[in-house]
Amino acid sequence: MKTGEARGIYSSVLKSYNEQKFKLSKQREELKERMESTPDGKTRYADEAATLELKYNAVAEKQINMLESPVRQ
């Protein structure tokens, strides 16, 4: 694989992680609004909030690992 190809793949993967994090952040904000505007919303949506938080953290961890891992030659 040539350097340019690897750089393109690397950039594409990082962009994908950023897009996923953005989407999940947006979902978390929408859920937060629902939780605040619904009676007993914090209890009712607690599982969904926890799931979104875990998904966001998993994507963020993958992104950090990719940024921190040394490039293998």
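Here is a walk through this predicted model, from its helices and core to its charged pairs and its ends.

Which residues of helix 3 are buried? They are Leu-52, Tyr-56, Val-59, Ala-60, Gln-63 and Met-66. Look at the spacing in that list with helix geometry in mind: an α-helix has 3.6 residues a turn, so residues three or four places apart point the same way. As for what lies over those buried positions of helix 3, the cover includes helix 1.

The largest nonpolar core has 11 residues, among them Leu-14, Tyr-17, Leu-24, Leu-31 and Met-35, along with Leu-52, Tyr-56, Val-59, Ala-60 and Met-66. Helix 1 (3–37) and helix 3 (46–68) each put at least two residues into this core. Tyr-45 is also a member of the core. Leaving out residues up to four places away in sequence, Tyr-45 touches Leu-31, Arg-34, Met-35 and Thr-38.

Now for a curious one, Lys-21, which belongs to helix 1. Lys-21 is buried yet has no salt bridge, and the nearest side chain of opposite charge, that of Glu-53, is 11 Å away. So what does the side chain of Lys-21 meet in a polar contact? It is the side chain of Gln-63, at 2.8 Å. Gln-63, remember, is one of the buried residues of helix 3.

Next, the charged pairs: the count comes to 2 salt bridges. In one of them, the side chains of Glu-53 and Arg-28 meet with N to O at 2.8 Å. Glu-53 lies in helix 3 and Arg-28 in helix 1, so this pair ties together parts that are 25 residues apart in sequence. Glu-53 counts as partly exposed because its relative accessibility is 34%, and Arg-28 counts as partly exposed at 24%.

Arg-34 forms a salt bridge too, with Glu-48, and here the closest N and O atoms are 3.7 Å apart. This pair links distant parts of the chain, with Arg-34 in helix 1 and Glu-48 in helix 3, 14 residues apart. Arg-34 comes out as partly exposed at 34% relative accessibility, and Glu-48 is partly exposed as well, with a relative accessible area of 36%. Arg-34 has already turned up as one of the residues that Tyr-45 touches.

On to the loop between helix 1 and helix 2 (41–44), which is where you'll find Asp-40. Why does Asp-40 count as exposed? Its relative accessible area is 53%, and the cut-off for exposed is over 50%. Its backbone deserves a glance too: phi of Asp-40 is near 60 degrees, a positive value in a residue other than glycine. For context, most residues other than glycine have a negative phi.

Finally, go back to the start of the chain. Met-1 sits in the segment before helix 1 and is exposed, with a relative accessible area of 75%. Even so, Met-1 touches Ala-6 and Ile-9, not counting residues up to four places away in sequence. From Met-1 to Gly-41 is 40 residues in sequence and 51 Å in space, C-alpha to C-alpha.

Notes: Residues are numbered from 1 along each chain as its sequence is written. This is a predicted model: local features need pLDDT of at least 70, side-chain atom pairs count only at pLDDT 80 or more; totals for chains, interfaces and linings use all residues. Side-chain values use heavy atoms; hydrogens and water are left out. A nonpolar core is a set of buried Ala, Val, Leu, Ile, Met, Phe, Trp, Tyr and Cys residues joined through side-chain atoms within 4.5 Å. Buried means under 20% relative accessible area, exposed over 50%, partly exposed in between (1.4 Å probe, protein chains only). Helices (H or I, at least four residues) and strands (E, at least two) are DSSP runs, numbered from the N terminus. Contact means heavy atoms within 4.5 Å. Lys and Arg count as positive and Asp and Glu as negative; His and the chain ends are not counted. A salt bridge is a side-chain nitrogen of Lys or Arg within 4 Å of a carboxyl oxygen of Asp or Glu. A polar contact is a pair of N or O atoms within 3.5 Å; within protein, one must be able to donate a hydrogen and the other to accept it, and residues adjacent in sequence count only if both atoms are side-chain atoms.
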